Amino acid sequence: MLQLIYESEGKLSKIIAVTNQKGGVGKTTTAVSVAYFLAKKNFRVLLVDFDPQGNATSSLGIDKNRLKLTILDALDGTTTLKNAIVKTEFKKIYIAPSTPKLADAEPGLAKLTIHERFVQLRQILQPACKSYDYVIIDSPPSLSLLTVNALVAADFVLLPVQAEYFAMEGLTQLLNTIKLIRSNGLNPTLEILGVLMTMVAKNTLARQVVEQVQRHFPGKVFKTVIPRNVRLAEAPSFGMPIGVYDKLSKGSRAYKALTAEIIERITE
């Protein structure tokens, strides 16, 4: 087995990768909402949009067509990540934006050595992340090189899981990837911060799915669950986090509670 050595670079910020290879589980909503409520706690937050769909960028009201620099430019060495970071209209929230062109990074990464292709995000993050208390990485809904880069760069993994019959589908492969990243020395201290149940309806099926996930991840499932909430679905189209769009909605209150739980888990 290839052994790669992870070198600690004295990171000051706490880096959380929001990851699930299955799409439609509320991954971007979670990344944006947690970033917002961390900022409301007076933390300085960098949201890294590492998904070629660029939904996190749009969710914070940024017009992708007007961007001069994106995280792709930092990844390919055209500029530094610091130069690509955009200050949002929301206090203490900054974003490394993305567009569909980020998908072009995959072929370039594949041409690098085995070690280099996995550590590119970590390398460009290091100089920039020292200016932030938290860095939230919104990963692609796949087990791509981009996703592995996010996991190698992170301190913690947050796994959103939809409360449906196929909730566990794909998670086994993702967990195996996390184990490999640890054992191969790419990121031996990577921790699963927690499993977040999303789109939870008030019915028997949802309750059974939550119980099933709790059995598979004892002690790792967040107490907070994210309900099915139309306001959560509406907020991105207005370019606002749910805490701004409708701070009294069930979805907003749930993400506020989740953020408090995240802070508690990280600092305990």
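Colleague: Which strands does helix H9 lie across?
Modeller: Helix H9, residues 204-216, lies across S6 and S7. Its direction runs at about 170° to that of S7. Keep in mind that this is a predicted model.

Colleague: And what is the strand order in the sheet?
Modeller: The order is S3-S4-S2-S5-S1-S6-S7. That makes an open sheet of seven strands, with mixed pairing.

Colleague: Which ones are the edge strands?
Modeller: Strand S3 (86-87) and strand S7 (191-198). Each of them pairs on one side only.

Colleague: Take S1 and S6. Is their pairing parallel or antiparallel?
Modeller: Parallel, over three bridges. Strand S1 covers residues 14-18 and strand S6 covers residues 156-162. For a landmark, look at Ile 16, whose bridge partner in S6 is Phe 156.

Colleague: What does helix H7 touch on the sheet?
Modeller: Helix H7 (residues 145-153) touches S1, S6 and strand S5 (134-138). The direction of H7 makes about 150° with that of S1.

Colleague: Switching to the inside. How many residues are in the largest nonpolar core?
Modeller: There are 57. Phe 50, Leu 125, Ile 137 and Val 213 touch the most other members.

Colleague: What is Val 213 in contact with, leaving aside neighbours within four places in sequence?
Modeller: Val 161, Ala 167, Met 168, Val 195, Met 197 and Val 221.

Colleague: Now charges. How many salt bridges does a search of the whole structure find?
Modeller: Six. One of them joins the side chains of Asp 51 and Lys 27, at 3.5 Å from N to O.

Colleague: Where do those two sit in the chain?
Modeller: Lys 27 is in helix H1 (residues 27-40). Asp 51 is in the loop between strand S2 (45-49) and helix H2 (55-59). The two are 24 residues apart, and the pair links distant parts of the chain.

Colleague: Are they buried or exposed?
Modeller: Both Asp 51 and Lys 27 are buried.

Colleague: What about Arg 231, which partners does it have?
Modeller: Arg 231 meets Glu 234 in a salt bridge, 2.8 Å from N to O. Arg 231 also forms one with Asp 246, where the closest N and O atoms are 2.8 Å apart.

Colleague: Why does the Asp 246 pair tie together separate parts?
Modeller: Because Arg 231 lies in helix H10, while Asp 246 is in the loop between helix H11 (242-245) and helix H12 (250-267). The pair ties together parts 15 residues apart in sequence. With Glu 234, the setting is local: Arg 231 and Glu 234 are three residues apart in helix H10 (residues 230-234), so about one helical turn separates them.

Colleague: Last one, the whole chain. How many helices and strands?
Modeller: The protein chain has 12 helices and seven strands. Buried residues make up 56% of its 268 residues.

Notes. Residues numbered from 1 in each chain as written. Predicted model: local features only at pLDDT ≥ 70, side-chain atom pairs only at ≥ 80, totals over all residues. Heavy atoms only, no water. Core = buried A, V, L, I, M, F, W, Y, C linked by side-chain atoms within 4.5 Å. Buried < 20%, exposed > 50% of the residue type's maximum accessible area, 1.4 Å probe, protein only. Contact = heavy atoms within 4.5 Å. Pairing = 2+ DSSP bridges. Helix = DSSP H or I, 4+ residues; strand = E, 2+ residues; numbered from the N terminus. Axes fitted to C-alpha atoms, helices over the stretch in contact; angles between N-to-C directions. Salt bridge = Lys/Arg side-chain N within 4 Å of Asp/Glu carboxyl O.
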